[in-house]
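Please keep the sequence and the structure in view while reading.

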Amino acid sequence: MLLEGFYTVLSHTANETGFCATISLNKEHKIYKAHFPGNAITPGACIVQILKDLMCLHFDKKYSFNPISNVKFLNVLKPEETTEVTYNIKYRFDKRKIKVDAIVADEDKTYAKISGFFNEL
């Protein structure tokens, strides 16, 4: 994982079209001290990186994005307000790639929608 200590996977449940993973953000992580002091928010790049980490964890393989076709950040994810979010990930195999559509949300808000492809490394 690139983001060592940034989050913890609380649950991981597979279904017929993908999987759901709930994570807990570490609001004390050094990233939040820089992004932004006194008003910490989860960087969009970190939200996307967690998706990649979860795909690697789920399949027990290394993947790279190729390419991310769409990312929409819909709400600001502040670790002081929200520490747990769920990644609802749907995937399908498309030739030598995996097509992924993910929604990052909690019970009240959707924080991001991410679509793209992964290649196995």
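## Terms and basis of the model

A disulfide is taken here as a pair of cysteine sulfur atoms within 2.5 Å. The model is predicted, and for this reason local features need pLDDT of at least 70 and side-chain atom pairs count only at pLDDT 80 or more, while totals for chains, interfaces and linings use all residues. Residues are numbered from 1 along each chain as its sequence is written, and side-chain values use heavy atoms, with hydrogens and water left out.

## Cysteines

Under the disulfide rule, the count comes to zero. The sulfur of Cys56 has its closest cysteine sulfur in Cys46, at 16 Å, which is too far for a bond. For Cys20, the closest cysteine sulfur is that of Cys56, and the separation of 18 Å is likewise too far for a bond.

The surroundings of these residues are described by relative accessible area, where buried means under 20%, exposed over 50% and partly exposed in between, with a 1.4 Å probe and protein chains only. Cys56 is buried, at 18%, whereas Cys20 is partly exposed, at 25%.

## The sheet and its helix

Helices (H or I, at least four residues) and strands (E, at least two) are DSSP runs numbered from the N terminus, and two strands pair if DSSP finds at least two bridges between them. Six strands form an open sheet in the order 1-2-4-5-6-3, with antiparallel pairing. At its edges lie strand 1 (7-15) and strand 3 (63-73), each of which pairs on one side only. Neighbouring strands are turned by 20° against each other on average, direction ignored, where axes are lines fitted to C-alpha atoms, for helices over the stretch in contact, and angles run from 0 to 180 degrees between N-to-C directions.

Helix 2 (residues 44-59) packs on this sheet and touches strand 1, strand 2, strand 3, strand 4 (84-94), strand 5 (97-105) and strand 6 (110-120), contact meaning heavy atoms within 4.5 Å. The direction of helix 2 makes about 135° with that of strand 3.

## Strand pairs and hairpins

Strand 1 and strand 2 (residues 18-25) are joined in the antiparallel sense by eight bridges, and Thr8 has Ser24 in strand 2 as its bridge partner.

Strand 4 and strand 5 pair antiparallel over nine bridges, with Ile89 opposite Ala102 in strand 5. The hairpin of these two strands has two residues between them, and Lys95 in that hairpin takes a positive phi near 60°. Strand 5 also pairs with strand 6 in the antiparallel sense, over nine bridges; Ala105 stands opposite Thr110 in strand 6, and four residues lie between the strands of this hairpin.
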